[in-house]
Amino acid sequence: MSEAMMGTVCAIAAVIGIALLGSRSSGPVSNGFPWQFRLAAQLRTPVLMFVVIPISYAQAWYRTVRMWTRAHEWNGHGAMLAHTKNVEKVVEQIQAWIVADRPGKLRTARPAWASMSTKIGCKTDCYKIEMRHLNRILHVDEDNLTVSAEPFVTMGDLTHALMPRGMALQTHVEMENVTIGGAALGFGIETNSHRVGLFQESVLEYEIVDCTGKVHVVTEKSDAELFSLFRGLWVLLGSWFLSRCV
Ligand SMILES: Cc1cc2nc3c(=O)[nH]c(=O)nc-3n(C[C@H](O)[C@H](O)[C@H](O)COP(=O)(O)OP(=O)(O)OC[C@H]3O[C@@H](n4cnc5c(N)ncnc54)[C@H](O)[C@@H]3O)c2cc1C
């Protein structure tokens, strides 16, 4: 075996050894727990080091590269065309729900592990609407300082898109996996600006699909009452105020 290979093997063995020692330092888990739970608890350090962190890292890179490759679409017809098709997919699912005689409450199909909500709830008996494909930034208007984006765009996506242009949202939630749809509807709870308030208070426009499958675009001007009721309905597209960073 060459010296380089020996070195690599030793380095890997050292990392695995440290990970296993780290697991042991978490102490014994009560025998009252099922064996699967105890095994998972003992192995959590190596699982985090060798599985969770690499997957999270790869996922973050995937999202960043996807955002870069889509940047040329912003402000063009391409993104809006893709958005129209994306919305149609949601409308079709709502129509299928109606045809099936409305079996269960409507919920997003986003799995609980991906959600950053304080109240997750059980979606087992619900009718899940797949919406994760709604993840495009559609338009960045540098003159009027607004951004239009689909609801599964995350705060991290917006950071990568806006910061290089010297801009940020007026209220920019610092947790990068929080989606703009989730923060607007599930309620951004902490990040706020003393001038503009919580994240959801900087939304200018919502596009919604209602429970009959109709699509509406609502602003404070077009329907003030409905606009103020949005936290709890289906949102597809929102326009947000931007702040230019100085
Ligand atoms: C540990 C922790 C720290 C937090 N820190 C902050 C913070 O620093 N600042 C802050 O502002 N907030 C913070 N929050 C709150 C967080 O912003 C909200 O819980 C937010 O709702 C999470 O967004 P999400 O993308 O995970 O949404 P989800 O969990 O996916 O969704 C939240 C709710 O909105 C609904 N929803 C989501 N998208 C849509 C859609 N497109 N159409 C219809 N319904 C939809 C979901 O069904 C669900 O009911 C924190 C939460 C946690 C758990």
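Tutor: Let's start with some ground rules and then look around the ligand. This is a predicted model, so local features need pLDDT of at least 70 and side-chain atom pairs count only at pLDDT 80 or more, while totals for chains, interfaces and linings use all residues. Residues are numbered from 1 along each chain as its sequence is written.

First, the setting: the protein has seven helices and 10 strands. Those are DSSP runs numbered from the N terminus, with helices being H or I of at least four residues and strands being E of at least two. Of the 246 residues, 20% are buried, meaning that 20 or more other C-beta atoms lie within 10 Å of a residue's own, with C-beta atoms placed from the backbone.

Now for the ligand. A residue counts as near a molecule if its C-beta atom, placed from the backbone, lies within 6 Å of it. There are 27 residues around the ligand, and S115, G181, G182, G186 and G188 come nearest. Have a look at α6 (180-185), which, like β1 (106-108), supplies at least two residues of the shell.

Definitions and conventions
A residue is buried if 20 or more other C-beta atoms lie within 10 Å of its own, exposed if 12 or fewer, and partly exposed in between; C-beta atoms are placed from the backbone.
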